[in-house]
Amino acid sequence: MKVCVIGLGYIGLPTAAMFANAGHEVLGVDKKPQIVEALNRGEIIIEENGLAEFIKAVVDKGHLRAALDPETSDAYIISVPTPITEDKKADMRFVESATRSVVPLLKKGDLVILESTSPVGTVDSLMLPILEESGLKAGRDFGLGHSPERVIPGKILYELVHNSRIAGGIDKESAHRIAELYKSFVEGEIYETDARTAEMCKLSENTFRDVNIAFANELAKICEDQGINVWELIEICNKHPRVNIHQPGPGVGGHCIAVDPWFIVEKEPGLAQIIRKSRETNDSMPGYVAKRAEEILAGTADPEVCILGATYKPDVDDMRESPILHLVDELRAKGIEVAVHDPHAAKRPGIEGDLLKAAEGADLVILGVNHKQFKELDYGALAGVVRRKNFLDTRNFADKAAVEAAGFAYYLLGK
Ligand code: SAJ
């Protein structure tokens, strides 16, 4: 088939390459000329394990090329950002304009698939009326539906193939055709359903994780007050065969889990009570950590803090929506000077690549992200450059004995 993938980001690009590798003739479309030009040279401008080699191979074979605008195809896959506005509403402008760009090209027998994570009703209330401006009727003349991705950054190529997938159509025929198309590379199970269920599935999966993490964060606060170690508590609770409490931390980041629950709240503000409260609980964590830092630093003149880690999760370079950025703001608002060290994000402004430079003169070191590199820190060297030996671990990740052996006072979030 001729497949047109609109939006060549972290999801659209590998998805386009998967279809190309499966033998389809694929056109990738993006508004950014640098992405289009790079792809046509067989290159990419994002970081993802194995993606550069994979893209080069399919482009060299001539199965994948890129353009600024869509061209006549048999299937259109929309994989554009659905960001959130300041007042926590989904910004659907990119989905809308991508849908509009398909209208003049649409012909009988085509298939249009939304991949972007979107509020319930996007397919039937936003996309369908736009596409029918072509004079064609959805369902009768063309297929339409939603098939959200479920991949985790860092393992995208593996998970695109092996994860199970949802194919939600505006009718049974659309769902079935979507499933058949994705079967060209997906080895996991593909579940056929309606478009609204598919939209809600994706939102519910990420909301499940957000609510569970919020529960862990609330437990952390309760345990601190009750003289209990939350990490030990969770470990023991999770020995129960039907309990799986997630991990507390300095907050929830990324462009998915910290965003998607708001798409449910936006539609159902009266009903989505636990969901909203969970978002608020997770968003309260940077402030909570900052308050603990302030307590540890009480009485210190001109206090300085060094934070280890800036990214939204371990072992990636992605700083989008990172709770650490909020922690930095919270600390600075309290008049505390902050330096941030991150080996993965060393090239970003404000991030120090050299650990000892960042820690020089610090009165408190906060471990914010559980990067592999932070498992074997040289605490002796760290002790040599700081002003006061205080260490706050927000991830229960540092080697407490080694931290204390170097003379630091060890503090743990949730204890
Ligand atoms: N976090 C905790 N405690 C935990 C687990 C995570 O505080 O127990 C924090 C992390 O530190 C991080 C944030 O949550 O800041 C989110 O990280 P993540 O690794 O859980 O998730 P993402 O955002 O990288 O990817 C998620 C995945 N969804 C689920 O696991 C349900 C992925 O499968 C989705 O494809 C992706 O969102 C998406 O695109 O929606």
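**Strand pairing and domain contact in a predicted model**

Within strand 13, L392 is the bridge partner of I366. Helices (H or I, at least four residues) and strands (E, at least two) are DSSP runs numbered from the N terminus, and two strands pair if DSSP finds at least two bridges between them. This is a predicted model, in which local features need pLDDT of at least 70 and side-chain atom pairs count only at pLDDT 80 or more, while totals for chains, interfaces and linings use all residues. Residues are numbered from 1 along each chain as its sequence is written, and side-chain values use heavy atoms, with hydrogens and water left out.

- An open sheet is formed by six strands in the order 11-10-9-12-13-14, with parallel pairing.
- Strand 11 (351–352) and strand 14 (409–412) are the edge strands, each pairing on one side only.
- Strands of a sheet pair through backbone hydrogen bonds, either parallel or antiparallel.
- Strand 9 (residues 304–308) runs parallel to strand 12 (residues 364–367), and four bridges join them; C306 has V365 of strand 12 as its bridge partner.
- Three bridges link strand 12 and strand 13 in the parallel sense.
- Strand 13 and strand 14 are also parallel, with four bridges, and Y410 in strand 14 is the bridge partner of F391.

**Helices and crossovers**

- A right-handed β-α-β unit consists of strand 12, helix 15 (residues 379–385) and strand 13; right-handed means that, with the strands pointing away from the viewer, the path from the first strand over the helix to the second runs clockwise.
- From strand 13 the chain passes through helix 16 (residues 400–405) to strand 14, again in a right-handed β-α-β crossover.

**Burial of strand 13**

- N390 and L392 on one side of strand 13, and F391 and D393 on the other, are all buried (under 20% relative accessible area, with a 1.4 Å probe and protein chains only).
- In a regular strand the side chains alternate between the two faces of the sheet.

**The two domains**

- The domain assignment, which is automatic or from a database, gives domain 1 (2–193) and domain 2 (228–415).
- The centres of domain 1 and domain 2, taken over C-alpha atoms, are 35 Å apart.
- Their contact (heavy atoms within 4.5 Å) takes 14 residues from domain 1 and ten residues from domain 2.
- Between them the domains bury about 1,100 Å², of which 63% is on carbon and sulfur atoms; buried area is the accessible area (1.4 Å probe) that two parts lose on being put together, summed over both.
- Of the area that domain 1 buries against domain 2, I84, K88 and P153 supply 38%, more than any other three residues.

Conventions. Buried means under 20% relative accessible area, exposed over 50%, partly exposed in between (1.4 Å probe, protein chains only).
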